[in-house]
Amino acid sequence: MRIADTKETVVMALDTLRANKLRSGLTILGIVIGVMTVIIISSVINGLNSSVSGLVESLGTNVIWVFRFPVIGVRPTTEMLTRKQLTYEDAMAMKELPHVVAVTPGLQYRDKSGVEGTVAVKYGPKIMEGTTLEGDTASVKDVYELDLKDGRFFNESDVERAANVVVLGIDTADGLFGATNPVGEDVTIAGMTFTVVGVMDKQKQAFGGGKNPEDNKAFFPVTTFHKIHPEILDYWISLKFDDQKNKTLVQDELEELLRRRRKVKNEAPDNFAIFGTDSLTRLWTTITGGLFLLLFALSSVALLVGGVGVMNIMLVSVTERTREIGVRKAIGASKQTILAQFTLEAITLCAVGGVIGVLIGSAIALVLHLFFPSMLSALWVALAFGCSCGIGLLFGIYPAWKAANLNPIEALRYE
């Protein structure tokens, strides 16, 4: 088909849309919904991927965690839950391994229901609810490269003498002190008085929206934490090593060290778990795989419904324009020309639906960005629009073939 004929066919298709606005709108509604679904879900997934990548990067790719059982993407068994706990001495032994830069054994307070953050921090008449208590060594700031907004972090001396000092999360400090600098002030936690020596900077959050629980924390020297909750001894050990290329070596050395310290027999499996930030990435990849299947299912149904509607309206169009087809064939139009004309009309119809879907979906994705991680992707926009045109081609072939194979004599007799 010549360029002039192509342009004329597109103009005719647009004229048909304008002449039958309601019918055309209902016809392309499925296409609009399908494309809009692809744009919105892909934007949300891209935004969440970016947030999770930022969180993993902030934790550090050269950080390894050690606990008595795996906690990321695994449901602990009864055997795992009854394993012997890791000790402070285990963490100190890890510091002696080559390539290890820093190690910190951490403890957190959970109430009997297992929910973090049920402690109140008091400053005069003000109370900050839902604060998580965490005990660490001074090395935690080196392992996670923590940033402070005000003051300092507790040091080795504070740990050795179990000093009554605390570093508050930024939300905890703001809730208690407002615009006042809390450094040097005393707060009450669990009936004990602690001096605020520092305030954490805002922590990164994987999923946007709402308050970040990591910003409502109170950090103590691990020895001070023991004075508040001596019953908690279930250490979570965080370890930082020097170079990513040494990760496998460090994991092997950790495994050998812990099996020896925990007296694991040669034929017995490990009674501990070693994992890193890549575990978070793998878990998130699994989750997003399910989301993409949902995206595919929802958009496919909508696009197929839209395609059926387009086929139906094109068949009606062929019936309404039988006389026109007969005239065109009588003056020399070939089957290929008629086939191309009606196929292009179907593609144009779906392309208009695709454009509308892209515009509405993009607008919704931009609004979602104000409340939730959302990132518009040019690749997915192009893919969604391409799918809408592909639907026009797929479902427009049969009506176009029917038009191309009409008998010109019968077509001219049709009224």
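Residues 291-318 are 100% helix and 0% strand, with the end C-alpha atoms of the span 40 Å apart; helices here are DSSP runs of H or I with at least four residues, strands are runs of E with at least two, and both are numbered from the N terminus. The model is predicted, so that local features need pLDDT of at least 70 and side-chain atom pairs count only at pLDDT 80 or more, while totals for chains, interfaces and linings use all residues. Residues are numbered from 1 along each chain as its sequence is written, and side-chain values use heavy atoms, with hydrogens and water left out.

The unreviewed UniProt entry places the feature "transmembrane region" at residues 26-45, 291-318, 339-372 and 378-398, an annotation that may be inferred rather than shown by experiment. Over residues 339-372, the chain is 88% helix and 0% strand, and the end C-alpha atoms lie 47 Å apart.

α10 and α13 pack at an angle of about 35° with their axes 9 Å apart, where axes are lines fitted to C-alpha atoms over the stretch in contact and angles run from 0 to 180 degrees between N-to-C directions. The crossing of α10 and α13 is right-handed, that is, the near helix is turned clockwise from the far one by less than a right angle. Residues of α10 including Phe292, Leu295 and Leu303 meet residues of α13, among them Trp380, Cys387 and Ile391, contact meaning heavy atoms within 4.5 Å. By class, this contact has 16 nonpolar, one polar and one charged residues (Ala, Val, Leu, Ile, Met, Phe, Trp, Tyr, Cys and Pro count as nonpolar, Asp, Glu, Lys and Arg as charged, and the others as polar).

The second largest pocket has a volume of about 180 Å³; a pocket is an open set of points on a 1 Å grid where a 1.4 Å probe fits, with protein on both sides within 12 Å along at least five of seven lines, and lining residues have an atom within 4 Å of a point. The volume is the space filled by probe spheres set on the points. Its lining includes Val38, Phe292, Ser299, Ser300, Trp380 and Ile391, and α10 (277-320) and α13 (378-404) are the elements that give two or more residues. α10 gives the most, with six residues.
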